[in-house]
Amino acid sequence: MRRKTILLGGKFNRIHPGHVWLLKKAKKLGYLVVVLAHDRHNRRSYALPSRVRKRQLESLKIADKVVVGSPR
C-alpha cells in the first residue's frame, strides 16, 4: 500500500510546542511535506527569514521535506 503524502503549510516564525505537536501528528499520517510561507508573505516585524525558518524545521527531524513556497 502506498503511503499518503501529507502537506502542511504555515509561517513557523517562532516554533513552539503546538507546532511540534501538529508536525508529529501529521507525520503519523504519512510522508510529511512542510511548505513555509515565502518571505514576501511574512512581513511582520518579528518574522525570521525563510532560510532560517527552513533550517529550524529541518533540525527537528520530523518532516520528510521542507520547502519554501512561491513568492506569488
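This is a predicted model: local features need pLDDT of at least 70, side-chain atom pairs count only at pLDDT 80 or more; totals for chains, interfaces and linings use all residues.

Me: What makes E1 and E2 a pair?

Reply: Two strands pair if there are at least two bridges between them. E1 and E2 run parallel and are joined by six bridges, so they count as a pair under that cut-off.

Me: How does the chain get from E1 to E2, and which hand does the crossover have?

Reply: Between the parallel strands E1 and E2, joined by six bridges, the chain passes through H1, and this β-α-β crossover is right-handed. The name right-handed is used because, with the strands pointing away from the viewer, the path from the first strand over the helix to the second runs clockwise.

Me: How do you know that the length of H1 agrees with what a helix should span?

Reply: H1 has 13 residues (17-29), and at 1.5 Å a residue they should span 18 Å. The end C-alpha atoms of H1 are 19 Å apart, which agrees.

Me: Why do you say that the buried residues of H1 line one face?

Reply: The buried residues of H1 are His19, Leu23 and Ala26. Seen down the helix axis, they fall within an arc of 70 degrees, so they line one face of H1. As a rule, an α-helix has 3.6 residues a turn, so residues three or four places apart point the same way. On the face of H1 turned away from the buried side you will find the exposed residues Pro17, Trp21 and Lys28.

Me: Why is Lys28 called exposed?

Reply: Exposed means over 50% relative accessible area. Lys28, which is found in helix H1, has 69% relative accessibility and therefore counts as exposed. Another value for this residue: its C-alpha atom is separated by 9.9 Å from that of Ile62, 34 residues apart along the chain.

Me: What do the buried residues of H1 pack against, and how does the helix lie?

Reply: They pack against E1 (5-10), E2 (31-36) and helix H2 (50-60). After H1 comes Gly30, with a positive phi near 160 degrees.

Me: Now for H2. Why is Ser50 called buried?

Reply: Buried means under 20% relative accessible area. Ser50 has a relative accessible area of 13%, so it is buried. This residue lies in helix H2, and it touches Leu36, Ala37, Asp39 and Val68, not counting residues up to four places away in sequence.

Me: How do you know that the buried residues of H2 are on the same side?

Reply: The buried residues of H2 are Ser50, Val52, Arg53 and Leu57. They cover an arc of only 160 degrees around the axis, which puts them on the same side of H2. The face turned away from that buried side carries the exposed residues Arg51 and Ser59.

Me: What covers the buried residues of H2, and where does this helix lie?

Reply: Their cover includes H1, E2 and E3. Following H2 is Lys61, whose phi is positive, near 60 degrees.

Definitions and conventions. Residues are numbered from 1 along each chain as its sequence is written. Side-chain values use heavy atoms; hydrogens and water are left out. Helices (H or I, at least four residues) and strands (E, at least two) are DSSP runs, numbered from the N terminus. The expected span of a helix is 1.5 Å times one less than its number of residues. Buried means under 20% relative accessible area, exposed over 50%, partly exposed in between (1.4 Å probe, protein chains only). The arc is that of the directions from the helix axis to the C-beta atoms. Contact means heavy atoms within 4.5 Å.
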